[in-house]
Structure formats: C-alpha cells, structure tokens
Amino acid sequence: MYTGRTEKPCCLCGHPETAHRVEIPPRAIQQLKHASPIAWRDIEGEVTLYFCQDDWETVRDLVLETGMSPLSRCNAGRASFVLREDFEALLNANRAEPDQRPLERELLENADDVLERYEADDPHVEERDLVEARIVTWAMEDLGPPRLTADD
C-alpha cells in the first residue's frame with residue numbers, strides 16, 4: 001500500500017540527506033522553480049522545503065546576510081505537501097477550494113512574532129526560525145493579500 005512520499009530531498013540540489021526544513025504557505029509555492037503545473041489551491045496544509053547542510057549554509061547567508069529569498073531557486077518538485085484528493089473526478093461532484101487564509105495568517109503571525117523577538121534581542125530565537133520567518137514574510141509581501149473566492 002502506498003502511504004505517501006517518504007523521502008525528503010534537498011529542494012536545491014536533490015541530496016537525500018537533509019538537515020533543515022522551512023515551512024511556507026501553500027500560495028508561496030508559486031514562487032518556486034517548476035511550480036506552474038502544481039494546483040496550489042488544492043494543497044492542504046503547509047508546504048515544507050528541506051535543505052541539506054551545505055545548501056542550508058547558502059540559504060542562511062542569502063536570507064540573513066544578503067536579504068534575498070531563496071524560493072525562486074527551490075525546486076517545487078522536491079517540496080513536501082499534501083494535495084487534496086480528487087473527489088470531483090471520482091464522484092462527479094464539486095467541492096469548494098480549501099480556505100488557506102487561516103493557515104497563511106497563522107504562519108505570518110508566527111513569523112512576525114519571531115521577528116519581533118529577534119528585534120528585542122531575545123536570546124531564544126533560533127537562526128532557523130529567523131530564516132523561516134523572513135522567507136514567509138517576504139513571500140506573503142510579494143504575493144499580496146489572498147484573492148477572495150466566489151463563495152466568500
């Protein structure tokens with residue numbers, strides 16, 4: 001029985017052994033390389049990007065020292081996410097798109113909290129959390145507010 005994807009390769013180089021991960025909102029997958037065929041509106045939950053140790057150092061430097069997002073360099077085919085099942089094809093019935101706004105709001109609030117604690121010199125802010133917070137914040141700024149669906 002297939003239980004889903006078990007390997008989590010580095011989204012930059014494809015190396016099978018990863019050391020760090022970053023979670024981004026589903027809508028941010030549009031900013032990844034090769035993301036155009038992915039129906040991001042059908043993603044349930046967050047999208048997880050994994051990085052090997054060598055590439056993590058590059059991502060860390062890119063985000064913290066250069067102030068640039070690594071998302072455009074990440075391969076969407078190596079990201080980890082869950083697509084909702086296609087019941088429309090199976091049952092010939094329509095389902096509403098998942099509402100991703102609460103998840104986006106939660107990830108952005110967590111990112112804002114990390115950034116505020118970092119600015120206040122909180123010694124408990126980990127570097128990984130800071131990198132993730134900046135990536136999430138930049139992605140959401142670039143994408144703008146979510147579009148409302150016809151059901152809203």
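Author: With a definition: a salt bridge is a side-chain nitrogen of Lys or Arg within 4 Å of a carboxyl oxygen of Asp or Glu. By that rule, R60, D61, E65 and E127 are linked in a network of salt bridges. This is a predicted model, in which local features need pLDDT of at least 70, side-chain atom pairs count only at pLDDT 80 or more, and totals for chains, interfaces and linings use all residues. Residues are numbered from 1 along each chain as its sequence is written, and side-chain values use heavy atoms, with hydrogens and water left out.

Reader: What makes the contact of D61 with R60 a salt bridge?

Author: The closest N and O atoms of D61 and R60 are 2.6 Å apart. The limit is 4 Å, so the contact counts as a salt bridge. R60 also meets E65 in a salt bridge, at 3.2 Å from N to O. Elsewhere, D129 and R128 form a salt bridge with an N to O distance of 2.8 Å. In the whole structure, a search finds 10 salt bridges.

Reader: Is R60 buried or exposed, and how do you know?

Author: Buried means under 20% relative accessible area, exposed over 50%, and partly exposed in between, with a 1.4 Å probe and protein chains only. R60 has 18%, so R60 is buried. E65, at 58%, is exposed. D129 is partly exposed because its relative accessibility is 24%.

Reader: What makes the phi of H34 worth a remark?

Author: Most residues other than glycine have a negative phi. The phi of H34 is near 65°, a positive value in a residue other than glycine. H34 lies in the loop between strand 1 (20–24) and strand 2 (43–51). Helices (H or I, at least four residues) and strands (E, at least two) are DSSP runs, numbered from the N terminus. H34 has a relative accessible area of 54%, so H34 is exposed.

Reader: Where does D121 lie, and what is its phi?

Author: D121 is in the loop between helix 3 (101–119) and helix 4 (127–143). Its phi is near 60°, again positive in a residue other than glycine. D121 is exposed, because its relative accessible area is 65%.

Reader: Why is the pair of F51 and W56 called tilted?

Author: A search of the whole structure finds one aromatic pair. The ring centres of F51 and W56 are 5.8 Å apart and the planes stand at 55°, so the pair is tilted. Rings of Phe, Tyr and Trp (its six-membered ring) pair if their centres lie within 6.5 Å; planes under 30 degrees apart count as stacked, over 60 as edge-to-face and the rest as tilted. Both F51 and W56 are buried.

Reader: How do you know that strand 2 and strand 3 pair?

Author: Two strands pair if DSSP finds at least two bridges between them. Three bridges join strand 2 to strand 3, and these strands run antiparallel.

Reader: Why do strand 1 and strand 3 count as edges?

Author: The three strands form an open sheet in the order 1-2-3, with antiparallel pairing. Strand 1 and strand 3 (80–83) each have a single partner strand, so one side of each is left without a neighbour in the sheet.
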